Amino acid sequence: MFERFTGEARAVVTGAVARCRGAGEPRVTDEHLLLALLDMTEGRAAFVLRALGAADRREGLEAALAAARRRGGMTAADERALAGLGVDVDRIVARVEEAHGEGALAAFPAPRRPRSGHRPFTREAKGVLERSLRIAVGRRDRAIGSEHLLLALAARPGVVAEVLADHGVTYGSVERVAFGAGNAPPAQAG
């Protein structure tokens, strides 16, 4: 599948691996893919993120991702559902961190087979890559671009899509900016 990626999309994937390695984390996540997309200054996804104002709200995006990581990857919808059952997630997180240290719920379990330099992708990150292929094929695009990765992140249920949506980046808004609406010509990066 990687051979179908454009140079931009490959740069996102290698950027995600570099972010993972730089953070000392054992596996590449969908969050690393999003952060690598936000690092881009050129290309279609960078254009879309700027057009939707997400590039200007990067700090808010990163803070929301960090808050979700602190909750053990729980979405706000999950937290609301538990609150409806009388479970106070903030209180539980505070108690766990009191006993085991700050960020205890955010820690990765040790990888099964540690290899020097190798960072495997989580199931969620692999799902984003696979979904980007399905999106490109569904659009009859010949290659997978950074815009397909952004669409896949916005489409996949979970923390990353929720954080993106909270910052105005939804599947529909990305599609509209990247490819145009209806019969309108697609927006041009440049």
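Colleague: At what angle do the axes of α1 and helix α8 cross?

Modeller: Axes are lines fitted to C-alpha atoms, for helices over the stretch in contact, with angles from 0 to 180 degrees between N-to-C directions. Helices are DSSP runs (H or I, at least four residues), numbered from the N terminus. Here the axes of α1 and α8 (residues 146-155) come within 7 Å and cross at roughly 50°. This is a predicted model, where local features need pLDDT of at least 70 and side-chain atom pairs count only at pLDDT 80 or more, while totals for chains, interfaces and linings use all residues. Residues are numbered from 1 along each chain as its sequence is written, and side-chain values use heavy atoms, leaving out hydrogens and water.

Colleague: How are α1 and α8 oriented to each other?

Modeller: Angles under 35 degrees count as roughly parallel, over 145 as roughly antiparallel, 65 to 115 as roughly perpendicular and the rest as oblique. The helices α1 and α8 are therefore oblique to each other. Their contact (heavy atoms within 4.5 Å) is made by E8, A9 and V12 of α1 with S146, E147 and L149 of α8.

Colleague: How do the axes of helix α1 and helix α2 cross?

Modeller: The axes of α1 (residues 7-22) and α2 (residues 30-39) come within 8 Å, crossing at roughly 115°. That makes α1 roughly perpendicular to α2. Residues of α1 in this contact include V12, V13 and R19, and those of α2 include H32, L33 and D39.

Colleague: Does S132 count as buried or exposed?

Modeller: Buried means under 20% relative accessible area, exposed over 50%, and partly exposed in between (1.4 Å probe, protein chains only). S132 counts as buried because its relative accessibility is 0%. This serine lies in helix α7 (residues 123-138). Leaving aside residues up to four places away in sequence, S132 touches F5, I144, H148, L149 and A152.

Colleague: Which residues touch the most other members of the largest nonpolar core?

Modeller: A nonpolar core is a set of buried Ala, Val, Leu, Ile, Met, Phe, Trp, Tyr and Cys residues joined through side-chain atoms within 4.5 Å. In the largest one, with 46 residues, L33, L37, V48, L150, L153, L164 and V169 touch the most other members. Elements giving two or more residues to this core include α1, α2, α8 and α10.

Colleague: Which residues of helix α10 are buried?

Modeller: In α10 (residues 171-179), S173, V174, V177, A178 and F179 are buried. The buried residues of α10 pack against α3 (44-51) and α8. Just after α10, G180 has a positive phi of about 85°.
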